[in-house]
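Please examine the sequence and the model shown below. A series of questions and answers then follows.

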Amino acid sequence: MEDALGTQIQLIKKWLGTGSINIFGSPFSGKDTQGKRLSEVLDATLLGGGDILRNSVIPEDIRKMVDAGNLAPIDEYFRIVLPYLSRSEFSGKPLVLSSVGRWHGEELGVLEATSKSGHPMQAVISLDISEQDILDRWQAQDAFAGHDRGSRHDDDAKALKVRLEEFRNKTVPVIDFYRHRNLLIEIDGTSSADKVFSEIIRNLVKFARAKTGKD
């Protein structure tokens, strides 16, 4: 089993090169967990747009918006997040991106930025779970993913409601955009973390073979 997984990983790494894989999903869909695991097996750098914003010097009004669960304005997002992809320490390595470009209208800018930085977008993963699953996981966040997320202002009930509205209205169209570009891999995120990860690897192998024309 481990040998088979190793072969799959090597196939994905060869196809990916220094490119990037962007992972999308609603709050509590498992993006943090799966992004971390994927970056580790691919020897990739994990970057999240939200994490970059939270750890950057940004205007106080923008920080309050992000802490309340809102997405940062597109112009601020482009100014702060996209140049970050070109940092020298990421050169020559693949990137696993966690929801970079979550607002419809940011897609072309993200595609251009990843290409110019030497990390062209090779695939986009969407982790799909129901809103009931989201609520269940939020209520049990310490058991599910709290240890991965740390302390976040946008995990309280009020902010979660805002984040779900932002996802439905602004991010679902982004996922549709990548679907039409034939870059999207949709994954059922309701299973255990191990099963979801196995499905991600299986589908990436299938995707890589389809893109390279190899069986």
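The questions below treat a strand, a helix residue, a cavity and a pocket in turn.

The model is predicted: local features need pLDDT of at least 70, side-chain atom pairs count only at pLDDT 80 or more, and totals for chains, interfaces and linings use all residues. Residues are numbered from 1 along each chain as its sequence is written, and side-chain values use heavy atoms, with hydrogens and water left out.

Q: How many of the residues of strand β1 are buried?
A: Strand β1 covers residues 20-25; helices (H or I, at least four residues) and strands (E, at least two) are DSSP runs, numbered from the N terminus. Buried means under 20% relative accessible area, exposed over 50% and partly exposed in between, with a 1.4 Å probe and protein chains only. Ser-20, Asn-22 and Phe-24 point one way, while Ile-21, Ile-23 and Gly-25 point the other way. The number buried in β1 is six of six.

Q: Which residue of β4 is the bridge partner of Ile-21?
A: Two strands pair if DSSP finds at least two bridges between them. β1 and strand β4 (residues 121-128) run parallel and are joined by six bridges. In β4, the partner of Ile-21 is Ala-123.

Q: Why does Glu-76 count as buried?
A: Glu-76 is placed in helix α5, residues 74-80. Glu-76 counts as buried because its relative accessibility is 17%.

Q: Which element gives the most to the lining of the largest cavity?
A: On a 1 Å grid over the protein atoms alone, a cavity is a set of points where a 1.4 Å probe fits but cannot get out, and a pocket is an open set with protein on both sides within 12 Å along at least five of seven lines; lining residues have an atom within 4 Å of a point. The largest cavity holds about 200 Å³, a volume being the space filled by probe spheres set on the points, with grid points joined across faces, edges and corners. Its lining has 18 residues, and the closest to the centre are Gly-69, Leu-71, Arg-102, Arg-163 and Glu-166. With four residues, the element that gives the most is α10.

Q: How many residues of the lining of the second largest pocket come from α10?
A: The second largest pocket has about 180 Å³ of space. Of its 16 lining residues, Asp-128, Ile-129, Phe-167, Val-172 and Ile-175 lie nearest the centre. Elements that give two or more residues are β4, α7 and α10. The share of α10 is the largest, at seven residues.

Q: Why does Ser-130 count as partly exposed?
A: Ser-130 lies in the loop between β4 and α7 (131-139). Ser-130 counts as partly exposed because its relative accessibility is 35%.
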